[in-house]
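The following exercises ask the student to read a protein structure step by step. Each task is followed by its worked solution.

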Amino acid sequence: MAQTNITFGKGFVFLGFSSFAGLQLLLFALFLSLYLITLTSNVFIIVIIRLDPHLHTPMYLLLSFLSFSETCYTLGIIPRMLGGLAMGVQDISYTGCAAQMFFSASWACTNCFLLAVMGFDRYMAICAPLHYSSRMNPTLCAQLVAASFLSGYLFGLGMTLVIFRLSFCSSHEIQHFFCDTPPVLSLACGDTALSELGILILSLMVLLVSFFSITVSYTYIVAAILRIPSAEGRKKAFSTCGSHFTVVIVHYGCASFMYLRPKASYALERDQLIAVTYTVVTPLLNPIVYSLRNRAVQTAMRSAFQRCLLGKG
């Protein structure tokens, strides 16, 4: 118990990108620019979808919730990372680290479940188009979104409790820019085998269950598309799924590499670069591949700009 009390009072120190000392200002400018673009794009997508009645369909409403989840995820990580780049080293309390891990893990798990729901939406649209409107009704959409958020919070809480039941009696320097499970777990003393197993089981439940759901959806989708007689029809059907599939590959590829492996294989500097991908690049990828290349969203954006110009005029 005494050891736990010492751990609680000591807190942690982020080393962040200290190994790139000569590049920190450049990285700060780069990540700040990417973050502002990501934040602006996701917020803009949410506002456009809410304001344009033509986009009040399940696909775009689910996209708006994914953009909201991605925005919340980045808000808990990137501002502190930018502060670390600007100041070199940054302290975080024990409870602050636990809170950051809870919220980042919760939003990351929520993203997985929302991507699975979006895959199910594409399955219904392509495989059962005549029943799409009646089955993917607002009530079902609300229930699926609520289940995604609730499940994300529960799994995030579980991962945080598994890590912070440990004692941290060695170095308190986190070789990372936020309180992610692998770098924090690497600081724990004593036997961490049970905690490693717990994290692995929770990660498997989130990643494999949601990815299995997406795989089943796409199996039926591909089978249905291949039965479409015209090449133009097949191309149009595939185009509605291409954006979702691209984000799924990037999201699940990075997450699987980070969380579905034993503690002995952690390489903190390499893992830090992988973490940059899913904390900075992936949230920026979503509005680009989902919306900014989507004709319906582009039309809604032009209408919004025209209304603004007419209003000023």
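**Exercise 1.** Determine how the axes of helix 5 and helix 7 are placed relative to each other, and which kinds of residues form their contact.

*Solution.* Step 1: two packed helices are described by the angle between their axes and the distance between the axes. Step 2: helix 5 covers residues 94–127 and helix 7 covers residues 138–164; helices here are DSSP runs of H or I with at least four residues, and strands are runs of E with at least two, numbered from the N terminus. Step 3: the two axes come within 7 Å and cross at roughly 145°, where axes are lines fitted to C-alpha atoms over the stretch in contact and angles run from 0 to 180 degrees between N-to-C directions. Step 4: the residues of this contact divide into 20 nonpolar, seven polar and no charged; Asp, Glu, Lys and Arg count as charged, Ala, Val, Leu, Ile, Met, Phe, Trp, Tyr, Cys and Pro as nonpolar, and the others, Gly among them, as polar.

The model is predicted: local features need pLDDT of at least 70, side-chain atom pairs count only at pLDDT 80 or more, and totals for chains, interfaces and linings use all residues. Residues are numbered from 1 along each chain as its sequence is written, and side-chain values use heavy atoms, with hydrogens and water left out.

**Exercise 2.** Describe the order of the strands in the sheet, and state which strands stand at its edges.

*Solution.* Step 1: the open sheet has three strands in the order 2-1-3, with mixed pairing; two strands pair if DSSP finds at least two bridges between them. Step 2: strand 2 (90–92) and strand 3 (173–174) each have a single partner strand, so one side of each is left without a neighbour in the sheet. Step 3: strand 1 (residues 12–14) runs parallel to strand 3 and is joined to strand 3 by two bridges. Phe 14 has Ile 174 in strand 3 as its bridge partner.

**Exercise 3.** Is Leu 194 buried or exposed?

*Solution.* Step 1: Leu 194 lies in helix 9 (residues 193–226). Step 2: buried means under 20% relative accessible area, exposed over 50%, and partly exposed in between, with a 1.4 Å probe and protein chains only. Step 3: Leu 194 has a relative accessible area of 60% and is therefore exposed.
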